[in-house]
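Take a walk through this structure, one region after another. Keep the sequence beside the 3D view as you read.

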Amino acid sequence: MIRIRTPRLLAALLVAAAAACSPAPERAAVVPYLDPDAPLEERVEDALARMTLREKIDLIHAQSKFSSPGVPRLGIPELWATDGPHGIRPEVQWDEWDQAGWTNDSCVAFPALTCLAATWNPAMADLYGRSIGEEARYREKDILLGPGVNIYRTPLNGRNFEYMGEDPLLASRMVVPYVRGVQRNGVAACVKHYALNNEETFRHSIDVDVDDRALREIYLPAFHAAVTEGGAWSLMGGYNLYRGEHCCHNDRLLNEILKEEWGFDGAVISDWGGTHDTDEAIRNGLDLEFGSWTDGLAAGAANAYESYYLALPYLQKIERGEIGTDELDEKVRRVLRLTFRTAMNTRKPFGSFCSEEHYTAARRIGEEGIVLLRNEKQMLPLDLSVVRRIAVVGENAVKMMTVGGGSSSLKVEREISPLDGIRARTGDTATVVWARGYVGDTGGTYNGVVSGQELRDDRSAEALVAEAVAAARNADAVIFIGGLNKSENQDCEGTDRRSLALPYGQERLIGALADANPRLAVVLVSGNAVAMPWLDRTAAVVQAWYLGSEAGSALASVLFGDTNPSGKLPFTFPARLEDCSAHATDPHFPHDGPTRYRDGIFVGYRWLEREGIEPLFPFGHGLSYTTFVYGPVRADRPTLGERGTVRISVDVTNTGDRAGAEVVQLYIADRVSSLPRPVKELKDFEKVWLRPGETATVVFSVTASELSYYDDTQGRWVAEPGTFEALVGASSADIRGTVLFELR
Ligand code: BGC
């Protein structure tokens, strides 16, 4: 029976009735689930009612590495997923991770999400989301497996480069436009890895126990924002456990919080191999099972996907009468909703692939995310009227960084290395010599994608250092380009780093370069903080992340001053590992099994500030080639009520001689509180572009919600009346002015 709910549908029916003898296509238009004008829920119920039990079971699990089958009989198409989150992964074989061998799947690599977060510019997240969404759409993908918003809790986490830093507000602000931008293309964002997936070692067996306050204040806000503000259509469960249940089928996280409390109506997708139990998967909120490593699969059985937890084992339970079909129908509804929003969205754009617009987007995001950490005696930008001989040292000046690192690995159409970017920028105006300096990772393959670079070098460490030192001695400026890479135990999925130190003897090399030439700039290619015992010996330090296809051009643009750097750190650089909350509160971290997050809400700068520990570089830090002066910080009223707003404003002036952008940051401190609170917390920020001499007034609106904390004894957010302090500054440690106000 067709239920008529809307005048639109009624009109469609009348048209169809009038043309009763017309051929099939017109008649099909009145079938509610095929009618793009019918309300979504009506389409869902209509399709559900037409499906057999077997079709329902098939719909909720994979049929290949990256696809689920749809309902062929009803013309409901397959769903195709792809990694994510920095570009569109090359096609793999139906059942294997090996390459399918397509020749038209080389994509644009966008900068890693740490770099995006470092722009502190939601407009860049929108550009990123729209661009990668267009690439996904062109490649006919329905689900983009990203973005990742797990909180940066330890600098050893091998996957931090795929995430958006240590602060829940920054990650929330940046994830929303990314999700919306992707989904404008009729491609679902799949926000991952929900939740508490903060390390890679033991990622399948660590069982996190965290207090509710930290869960709500630190680990969930970015997911909450992605769902409630970004309107994410899908979400991926984490590999780890939370309170004894795997996150892919976790009653509290998925049923209670995500679906009931936040009203998420999309589909929960398992991480690949993250499903472990049929009963839990049925009851605890998993909707679509991908990537399970069942025995059938391992044995290469033809019907391997039948062995999935939500396949035959589920069907048999229903057939034996051990369980009803309510849960199944609910899962099917969610997958159908996802399908109507993506694969069956007949109005979506067609997307585009490897366009110059996408390269420009990648470059702009890279330029805006690069962070100038240190710049003594204005070593940077390099002035080509003075600097004629440049020594570039380091493996990362030439190494392709888009291959490796795990599931985010890409096959790119082009990747400009830092050395090529520098050479292209200097042209004939300077002599650029390169010396390797150290041998790090000579690999360069991932799942059959080969970088094609021959990086083997059998020279001794001494010989490599000697060559680099000789080049440095003869140069007007030395640019060392090192850091980490995408190989195991560096910035790489599945493993964590072993220490905070730079690997491969780079510390010694930097020391030798500094001895040879004090005009030394260190460029770090990494997604994580590193220790810098050599810091004082350098003239400049640049945090350059993984920048993707346009790495070299974006970096050269900053080094030579075409771009005035405006990135700010999305996480703290600690001086020592013991200064991080995860390690300070748990010397054996990371370990297998039950793991209590004893640091609670005191993660990142919240921890260092409470303990009075000086960071190497604070959260929010980043220099510019110009200078900004902040005027007094003002509040438009001394008090606000529960529903009121206080406006905090500050004038910021560019007092240098170059145009530039400043990220003005608002932190709030709660002077007296019933529960312990951080010294201060980021509550708002704005990036302003100023010409020399120009002033902008930045106004932040503060309401009671910015003042509240999560009271886990009451299970709700509470804003306690009292005195608060607004602190406005250029970083968490560079506060330029404060003002007090009261919450009545
Ligand atoms: C990763 C996910 C990824 C998936 C599919 C997993 O190993 O954790 O982030 O999306 O593989 O490649």
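Buried means under 20% relative accessible area, while exposed means over 50% and partly exposed lies in between, with a 1.4 Å probe and protein chains only. Helices (H or I, at least four residues) and strands (E, at least two) are DSSP runs, numbered from the N terminus. The buried residues of H8 include charged names: Asp 212, Arg 213, Arg 216 and Glu 217. Ala 214, Leu 215, Ile 218 and Tyr 219 are buried in H8 too. At the start of H8, a side-chain oxygen of Asp 211 comes to within 3.1 Å of the backbone nitrogen of Arg 213.

A word on the model. It is predicted: local features need pLDDT of at least 70, side-chain atom pairs count only at pLDDT 80 or more, and totals for chains, interfaces and linings use all residues. Residues are numbered from 1 along each chain as its sequence is written, and side-chain values use heavy atoms, with hydrogens and water left out.

Now turn to helix H18, residues 506-516. Of its 11 residues, 8 are buried. Among them are Gln 506, Leu 509, Ile 510 and Gly 511. What do the buried residues of H18 pack against? They pack against strand S11 (389-393), helix H17 (461-473), strand S15 (477-483) and strand S16 (520-525).

Next, the cores. In soluble globular proteins, nonpolar side chains tend to be buried together. A nonpolar core here is a set of buried Ala, Val, Leu, Ile, Met, Phe, Trp, Tyr and Cys residues joined through side-chain atoms within 4.5 Å. The largest has 130 residues, and Leu 116, Tyr 194 and Leu 336 have the most contacts inside it. Helix H7 (residues 168-183) gives this core its largest share, 8 residues. Apart from this core lies another, of 78 residues, with Tyr 438, Leu 513, Ala 514 and Phe 617 among them. Contact means heavy atoms within 4.5 Å.

Then find the ligand. Which residues come nearest to the ligand? Of the 14 around it, they are Asp 83, Arg 159, His 193, Asp 271 and Glu 493. A residue counts as near if one of its heavy atoms lies within 4 Å. This shell divides into 5 nonpolar, 2 polar and 7 charged residues. A polar side-chain atom of Asp 271 is 2.6 Å from a ligand oxygen. For the side chain of Arg 159, an N or O atom is 2.7 Å from a ligand oxygen. For Lys 192, the distance is 2.9 Å. The protein covers 96% of the 310 Å² of accessible area that the ligand has on its own.

Ser 407 sits in the loop between S11 and helix H16 (418-426). Ser 407 counts as buried because its relative accessibility is 11%. Its side chain makes a polar contact of 3.1 Å with the side chain of Arg 159. Another, of 2.7 Å, joins the side chains of Ser 407 and Glu 493. A polar contact is a pair of N or O atoms within 3.5 Å; within protein, one must be able to donate a hydrogen and the other to accept it, and residues adjacent in sequence count only if both atoms are side-chain atoms. Ser 407 and Glu 493 are 86 residues apart in sequence, yet 7.3 Å apart in space, C-alpha to C-alpha.

Note on methods. Accessible areas come from the Shrake-Rupley method with a 1.4 Å probe; for residues, only the protein chains shown count as cover.
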